[in-house]
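Hi,

Here's the structure I said I'd pass along. Have a look at it first, then read on for what turned up.

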Amino acid sequence: KQVKVQWTEQLVATQQQKTEKIKKDTELIKAVADAERQKAVLEITIQERIIEKEGAKNVSLINNEIKKDAENNEADIAKYKLEKEAEANDALYTDKYIKLNLAKSLSNNTKFYFSGQQSELGSLFNKILGN
């Protein structure tokens, strides 16, 4: 009877050892699985941050390109305006137009007295107006 009890106790002890080993193996498997899940979550979070940064960079590049294009457009408009004004001035300010406006402006001033080509003002008029 003593042998049976001892044998039973050994069987129980062996079974308890096996059970403890299985529990520890299970805990280890759970811990590894948890660590792998955390690693996967961390990798996903890092990828999301990278994508956000790349998106912000792309938006910044697009905004810079839009601003550059707008500034180039404004510069082109200003250049075109100046060129057209220069063309208009070339067409408008002919010798005849300048002489006419000079004559008009001088005729409005009644304080100018000039007599013939001998006076300085008279000779200037002759040179300008070509009389």
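Is Asp25 buried, partly exposed or exposed? Asp25 is partly exposed, because its relative accessible area is 36%. For the terms, buried is under 20% relative accessible area, exposed is over 50%, and partly exposed is in between (1.4 Å probe, protein chains only).

Before the rest, some ground rules. This is a predicted model, where local features need pLDDT of at least 70 and side-chain atom pairs count only at pLDDT 80 or more, while totals for chains, interfaces and linings use all residues. Residues are numbered from 1 along each chain as its sequence is written, and side-chain values use heavy atoms, with hydrogens and water left out.

**Overall picture**

The protein has three helices and zero strands, so helices here are DSSP runs of H or I with at least four residues, strands are E runs of at least two, and both are numbered from the N terminus. Along the sequence the pattern reads α-α-α. Of the 131 residues, buried ones make up 3%. The protein exposes about 12300 Å², with carbon and sulfur atoms supplying 57% of that; accessible areas come from the Shrake-Rupley method with a 1.4 Å probe, and for residues only the protein chains shown count as cover.

Mean pLDDT (the predictor's confidence in each residue, from 0 to 100) is 86 for the protein, and 81% of its residues reach 70 or more. Where pLDDT is low, the predicted coordinates should not be read in detail.

**Salt bridges**

Side chains of opposite charge can pair when their charged atoms come close. The rule used is a side-chain nitrogen of Lys or Arg within 4 Å of a carboxyl oxygen of Asp or Glu, and the count comes to four salt bridges.

- Asp25 pairs with Lys21, with the closest N and O atoms 3.4 Å apart. Both lie in helix α1, four residues apart, about one turn of the helix. Lys21 is exposed, at 53% relative accessible area.
- Arg37 meets Asp34 at 2.1 Å, N to O. They sit three residues apart in helix α1, so about one helical turn separates them. Asp34 is partly exposed at 36%.
- Lys79 bridges to Glu83, the closest N and O atoms being 3.9 Å apart. These two are four residues apart in helix α1, so again about one helical turn separates them. Glu83 is partly exposed, at 39% relative accessibility.

Ile46 is in helix α1 (residues 2-92), and Ile46 counts as partly exposed because its relative accessible area is 39%.

Cheers
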